[in-house]
Amino acid sequence: MYSPTETMLLTATDNAACLGSLYDVHRDQILEALDMNIMKTSIIQNQKVLCTIQKYRTNNSPNLAEIMGIEHELRLSLLLNFIPKIGISRIIDYSHTINPYTRCFRYHYSDRIEYLENLDQTTNLSQTALSMNSATHIISGVTIGIETVVILQLPSDDKITHDIDILLEKIRNFLQNNIETITLMLGEESLFDQVLSTTVYSNIPKLEKMPKFINICRALYPLRINPKEHRLLKFHLSPMKWFFPTCNPESTRNLPLEPAFRDMIEHDLFHSWTVIKQTNSKLDNRTKVLLEKCLPWQMMDAHRIYSQTKVYHEDVAERLRSLIVSIRRGQNVNADIGQIFRDESYILWRKLTDDLNMYVDHLQAKAQIIYELQQLEFDYCNALDSGIQEGDDLIKIQQKLTRYESTRHCLCSDDDLKSTDLLSWNGLRDRLIREQENHVKLRPMYVDFSYCTYKLNETQIISLPMKPVPRPRTLPIPNSSRSTSTTDTINILLLGESGVGKSTFINALVNYLTFECLNQALLNSPIVLIPVCFRLDEEHLVRFHLIEETDHEYSNSLDQTITQYCKSYLFHLNGTQTKLRIIDTPSFEQENMEHILNYLNHLTHVNALCFLLKSNVPQLNGSFQSCLKQMCKFFGEKVRSNILFLFTHTRSISYTPDDTENMFRFDNDAFRYLVATQNSIEFNNEQKHDYELSWHHSKKESTQLIEHIRKNLNVYRRDEDWRSIRLAQIEINSMIRPILETMKNIIRTLSLWNMESTQVFIQLNTITLRHPSAICLSCSKKTHRFGNIWIKIEDVHEIDNECNACQCPMDKHVRIDYELQHSLVQQPSTLHVSEMMHLLKQLCTVSALFAHYLFDVTENRQYDPFLDGLQKMINEEAEICHAQDPHYLNEFVFSELKKMNNNYKNQLQNLTSNSKTTSLTTIYQWILTASKYPIMAEQMAAIRESRQLLIKKHEYEVPNYPTNQLDYTNISM
């Protein structure tokens, strides 16, 4: 019944297998074992030693599993991950490049063969206990012994390599001839300390854990003479039909793959898997750190190709697993097997593999160049990062390179020039090295033009003009660069809780600063910037306003907070060219703080933050403390020196709160008296005297307040001091829409360039909105056609307290500052395709960086505005592809947005796993850089213009009053 000629020999891949184990050759998997109590086993002694050393002549990545004799079909199963790679089979995953300094040391010892006897008795076993649907063979015999392969990477020093080779041959002789003790001469063993790397593969687990080669060799003889330490080398597989003649022949059928098909599949799988593994070994930590600093965008490209290759590799492998199992089972005999090689995804997979291999080799070589230049004290500069582009002349190139202050001479070249004229490249490099020896402080720089659109004709040296040394100040003036000049505008931010009297204080302050005395104010009409309504006593309700009610909010109710949004009042200080802007804010309850901070985000500077307090309130509440903290978070800790406290209602306590330089005392009764007289209310002489005293004190305090701000407080400037986590958060939030719109429009243009013509592009035109507006997320967008590409256009809704265009809830509206219009321009873009791609990659990186920063500072990882925006754009393109025709351009946009989405997620994941918080300085640098990107810059300018218009809309400039003759420069304090 049993025919040894049909027995298959396979390399043992699982030490847990035993005689009688069931085996599925379709997947090369071990199944359960039979009950062997009724079977007899026999042993054939087969004690053979084979010890070899393999050398290699060229740089390549051979299939070591094939060299070691692992069978064709089994290698394919390992590459397809049908089974885990254990012991010697792990050699198929060797990830380093083989070169002339690589040595493969192999020790093979076959001790014995164990096999089953009286196989005809197995027919009595119960077939119901077997995995009859998957088992094709039974392990009827096993070869047992030792298999060990050690791959040594020797140093690229021929003398050392020669000495190590002699020593390896000496050890090989010891082992081949079964000599118990390996005896080396003094100093020979230390040669192995020169070995760069040692990788061990063995069916003996303890050998794989030994780090030193010589220790492995010395352990082999004791292992060889101890059969209990031996492990499986080969499986002898016998067909199920010889044991169970009645089993279903269809389920146990095993057809080998056609050799040409099998070899091609194995070649492609092995090549792809090797390239993927070698990417990490070629780009080691030192190389990654160097490239991420010098060529961050190229590293991002490599990561993108690497990720795509892995995805396509697994996708192709999954399809191949199903195909190969069906072929081995004989279920796909008549299928066109060659179709797999013509499949688009298979072709793309092979192309991605080749691209990744070439790109990684390029980056590895480039890293070596940069490293060698750094050893020679050269700095490295990517010309693309400096903005150098086609059309630049020498002066522009010099200007773009002058930001490197420590550099005077630049070696300019690219990869092609270096490879075609290495002699010239080396000569110019050596010339700069000699010059640097005479000017130690001036490091030469290599400017790499390989990645920019500007093409050099030859390797050359560009000299940069030396920057002029600033002249020292002979007469330094304290605070002269920071104090307010006579032409500046003083910005005072007035903050206070609801009902504290900010509006009344502003009215009173303007009158105190305008009129010399109370009598002068009585002779003229009082200045009432904000309508007033107050009860003087039980009989008199006073109302007064000078400004048109349609321009400002007006309240007919007593004690109602009038200010609902930030407004400003601008007027000239007497005797100077200085203007005073008082910014009136809503009460600082939490719901108003976001509006206040967004308003402040568009000021150029602040001179003082004035908190208005009632002197008769004994304790500050939580809202005040919260506002104070948020202001410090928004402006930064330095703003504390610009915070002042203004007390009202101080007449009742004789104007005497704590007398410190950041506290000022006011009383607004004199202003109330002034307004009451306009309502024909009469007062007695004693009351008039009290109001005159109140006026005198408040006027003096007002003058001191302004002089203190002008002379004692440093101007808190946005471009110098105004840096905080909270402000960065607001800045980033304002950039989300411009970043997303820019990325999407670049992809639209790239779709045209890839599939139609490079002589057209989609242009974004920004229209600044002059009225508060929003986009409604619930209302549907209209789809417009531009050539052969479709774009969903956002409908702008004007809003006040509610939307003026739709009935949707306000929480479905997103505030915007500008409208976007699209146009198809029939001419080449000013940006080259490489610049477009570079910009797209930068924006994706910036988005991930900003999102990661927002996660860190808000501690909220539930919502990612960038990812949400990308997903909405993807969904829009999917809707267009479903509803419109033709849509091949939109399919391209859809596909690229999905890639962008994945790339963004990968970058964000890398930032998250890095667990390092990006510094605030770095974030501000990226905010400034990204704001100046093409297409982005126009949108950011529109945001600033729109918000400045809204600020101006709510600003009132007080006209000059001819009665005012006060000169602040001669005020007696």
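Mentor: What follows is a set of questions on terms, each settled by a value and a cut-off. Keep in mind that this is a predicted model.

Trainee: What is the overall make-up of the protein, and how many of its residues count as buried?

Mentor: The protein has 26 helices and 28 strands. Of its 973 residues, 51% count as buried. Among contacts between residues at least 6 apart in sequence, 80% join residues at least 24 apart.

Trainee: Why is Leu495 called buried?

Mentor: Leu495 has a relative accessible area of 0%, and buried means under 20%. Leu495 is therefore buried. It is found in strand β13, residues 489-495. Leu495 and Ile596 are 101 residues apart in sequence, yet their C-alpha atoms are 9.8 Å apart in space.

Trainee: What makes Gln308 count as buried?

Mentor: The relative accessibility of Gln308 is 18%, and the limit is under 20%, so Gln308 counts as buried. Gln308 lies in helix α9. Leaving aside neighbours within four places in sequence, Gln308 is in contact with Leu352 and Lys899.

Trainee: Why is Glu314 called partly exposed?

Mentor: Its relative accessible area is 37%. Buried needs under 20% and exposed needs over 50%, with partly exposed in between, so Glu314 is partly exposed. Glu314 is found in helix α9, residues 296-328. From C-alpha to C-alpha, Glu314 and Leu80 are 8.9 Å apart in space, and 234 residues apart in sequence.

Trainee: What makes a set of residues a nonpolar core?

Mentor: The members are buried nonpolar residues joined through side-chain atoms within 4.5 Å. The largest such core here has 87 residues, and Leu600, Met631, Phe635, Trp722, Ile739, Met743 and Phe850 touch the most other members. Helix α21, residues 725-755, gives the largest share of this core, 14 residues. At least three residues come from each of domain 3 (489-716) and domain 4 (725-955). A second, separate core of 50 residues includes Ile70, Ile144, Phe235 and Leu320.

Trainee: Which residues does Ile739 touch?

Mentor: Not counting residues up to four places away in sequence, Ile739 touches Leu843, Val846, Ser847, Phe850, Phe866 and Met936.

Trainee: How do α21 and α26 cross, and where do they touch?

Mentor: The axes of α21 and helix α26 (residues 936-953) come within 9 Å and cross at roughly 145 degrees. The crossing is right-handed. From α21, the contact involves Ser734, Met735, Arg737, Pro738, Ile739, Glu741 and Thr742. From α26, Met936, Gln939, Met940, Ile943 and Arg947 take part.

Key: Residues are numbered from 1 along each chain as its sequence is written. This is a predicted model: local features need pLDDT of at least 70, side-chain atom pairs count only at pLDDT 80 or more; totals for chains, interfaces and linings use all residues. Side-chain values use heavy atoms; hydrogens and water are left out. Buried means under 20% relative accessible area, exposed over 50%, partly exposed in between (1.4 Å probe, protein chains only). Helices (H or I, at least four residues) and strands (E, at least two) are DSSP runs, numbered from the N terminus. Domain bounds come from an automatic or database domain assignment. Contact means heavy atoms within 4.5 Å. Axes are lines fitted to C-alpha atoms, for helices over the stretch in contact, and angles run from 0 to 180 degrees between N-to-C directions. A crossing is left-handed if the near helix is turned anticlockwise from the far one by less than a right angle, and right-handed if clockwise.
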